[in-house]
Amino acid sequence: MDDNIIAKEKESLDFWERIEKIIKKRESLIFLLLIIGALVFIPLKILSYGWTPPDDAKRHVAFSTIDSKWSDIIVMDEKFDTDHNAGWHQILKFIHKYCGYDKQDLMFFSVVGLFLLLNICGIISVPSPVSWCLALLLILNLDDKIYYRMISGRPFIVSCAATLILLRLWGIKTLDDEKRVIFQKEWIKYLITIVVLSLSIWIHGSWYLFLLIPISFFIAGKTKDSLILTACVLISTVIGSLLTGRFTDFLYFHFFATFSIFTESTYNWLLVPEFAAGVQNVVCIIGVSIVILFCIKKCDYKLKNIANDPIFIMVLLCWMGSILVIRFWLDWGIIALLLWLSYRLQELINSSYSLNNPRIRYSLSFFIIVCFILCFINDKEGRYTKSVMMQPIDFYNESTIQLLKGWEPQDGGIIYSNTMYCFYEHFYEYPTAKWKYVLGFEPAIMKQDDKQTLRNIGYSKLEYDYAAWVKKMTEKDRLITFSKLNSFPQLEWIKGNRTWWIGRLKERK
C-alpha cells in the first residue's frame, strides 16, 4: 500500500515537473497574460450587470459631451467657476469629438481604462504580477472599500497610478535597479517624476496632496530625496496648472474650495462621505501586523526597516489623516500599502521552500488569480445590481411622455434637490438641457444661502426647511426628492419613477 502511494506521488511530481520544464522560460509571461486577462475581464463583467458609477464619473462624461461652463449647469458661487479636472475633460472631449464616442462609450473608457491604468502601473512597480495580485486580494478581504474606488471611473485614479510610479522610483532600490539606465542617470528619474506629476495634476488636480510623498521621505530620514521631490511637485504644479489654460483659477479652486469644505461651520457627518471622518479598520491593522511578523521571522526583516521606509511611513501618515478625512486612506494610504505589501509578500514567497514545488506554485497562483476575480465581480448584497434601480426620470419616453408632459423643468429653470444623486443621474441623462441644478457635485461651491438651506435640511430632516427653496421657485423650476413633501400646499406632486418625486408650483387660477 505504501509503495503504491509513493509511486502515485512520484508520478504526480513527474507530471508537474514536466509542465515546469515546458513553461519554465515563459512562466512569468504566462502569469502576466493571465492576470492582464483577469484585469480586463473584471470591469467588463461588472459593467455587464448594467452597473455604472453612481457619482462623479457621470458628470465627467456628461460635461465632456457639451461646450459649457459649470456655471451654465449649476447655481454656484461664481468664484469657483473653473474646470478643476481640466485634463480629464479635455481627454474625454477629444475622444468624443474625434473617435465619435457617445456617453456610454466614454463611461466604458473611463471605468475600464482607469482600472487597467492603475493595475498596470501597479504590476510594473512590483517584483511580480502575482505579488500585486496577492496584495490586492489581501486588501480586498481586509478593507473592501478599495473595490469601488478602483472601478469608479474618476480621474483621481490617475493620481493613484502616479503615486505608485513615484514611490517605486524613489522609495525602493533592488539589485536589478543598478543595471537600469533610469536609475543610473539621475536626470532621467527627475524627468519622469516631473512628467508623471504634471500629467496627474493637469488631469486630476489636488496638487497639494502630492506633498505627502516628500513629507514621508523626510520623516524616513531621506532629506535629500525629500527636497528634490518637493521641488518636483512645485515645478509640476506650475506646469500642470499652465496646461489647463486657466493657471490662476485652477490653483485658486483647488486651494480655496478645499479650504471652504474643511472650514465650514457644520457637522462632520453632513459632509460628503469621502470628506467625513473615517472609521478605522482594525482587521486591516491586524492583517498588516501579521505580515510584518512573518517577514521578521522568515525574511530577516527588522523593525528599523519600517522606520526608514518612506512607503510605510506614507501608509501611517494616511492612516492618521483618515481619522479626520477618510479619503486620505482610500486614495493614498491603500495605494501605498498595496505597493509595500507586494514587496513583503514577494519576500515571503522567495523564502518559502514549498513553492519550489511546481505543483504548489502553479496551483496557488491560479487560486490567487481566480479568487482575485471572484472578490471583485461577486454581487455581494446587490452592490452592483441594486444601484441599477436608481434611474433618472425619463421625461421623454413613449410610455411616460403623456403622463409627465409639463412636469420636466423648463428652459431657464432650476432643479432643487437635497441630494447630489439627483444631479448626477439627470445631468448624465440630459447634458444639453437648459435648466440648472441648485446642488451639483460639491456643496462647497453652492451659493451661501442655498448651502445653508441644504445644511438645515440635512440636520433637521424636516420638510419645513425646504421652505427657503419653495419660496424661490418659479413656474419653470422643479423640486425633485426621494419622497413627497406634504407641508407645502402651493406645490403639486407626481411620482416620476420608482426613485424620484417631482414637485412644481400649482397653476394660478
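Lys-461 counts as exposed, at 66% relative accessibility (exposed means over 50% relative accessible area, buried under 20% and partly exposed in between, with a 1.4 Å probe and protein chains only). The model is a predicted one, in which local features need pLDDT of at least 70, side-chain atom pairs count only at pLDDT 80 or more, and totals for chains, interfaces and linings use all residues. Residues are numbered from 1 along each chain as its sequence is written, and side-chain values use heavy atoms, with hydrogens and water left out.

**Residues with positive phi**
- Most residues other than glycine have a negative phi.
- Lys-461 is not a glycine, yet its phi is positive, near 60 degrees.
- Lys-461 is placed in the loop between helix H20 (448-460) and helix H21 (467-472); helices (H or I, at least four residues) and strands (E, at least two) are DSSP runs, numbered from the N terminus.
- Ser-206, also not a glycine, has a positive phi of about 50 degrees.
- The loop between helix H10 (186-203) and helix H11 (212-219) holds Ser-206, which counts as buried at 12% relative accessibility.

**A buried arginine**
- Arg-344 belongs to helix H17 (residues 327-350) and counts as buried, at 9% relative accessibility.
- Apart from neighbours within four places in sequence, Arg-344 is in contact with Val-291, Cys-295, Tyr-301 and Asp-309 (contact means heavy atoms within 4.5 Å).

**A strand pair**
- Strand E4 (residues 491-495) pairs with strand E5 (residues 501-505) in the antiparallel sense, over five bridges; two strands pair if DSSP finds at least two bridges between them.
- Ile-494 has Ile-502, in E5, as its bridge partner.
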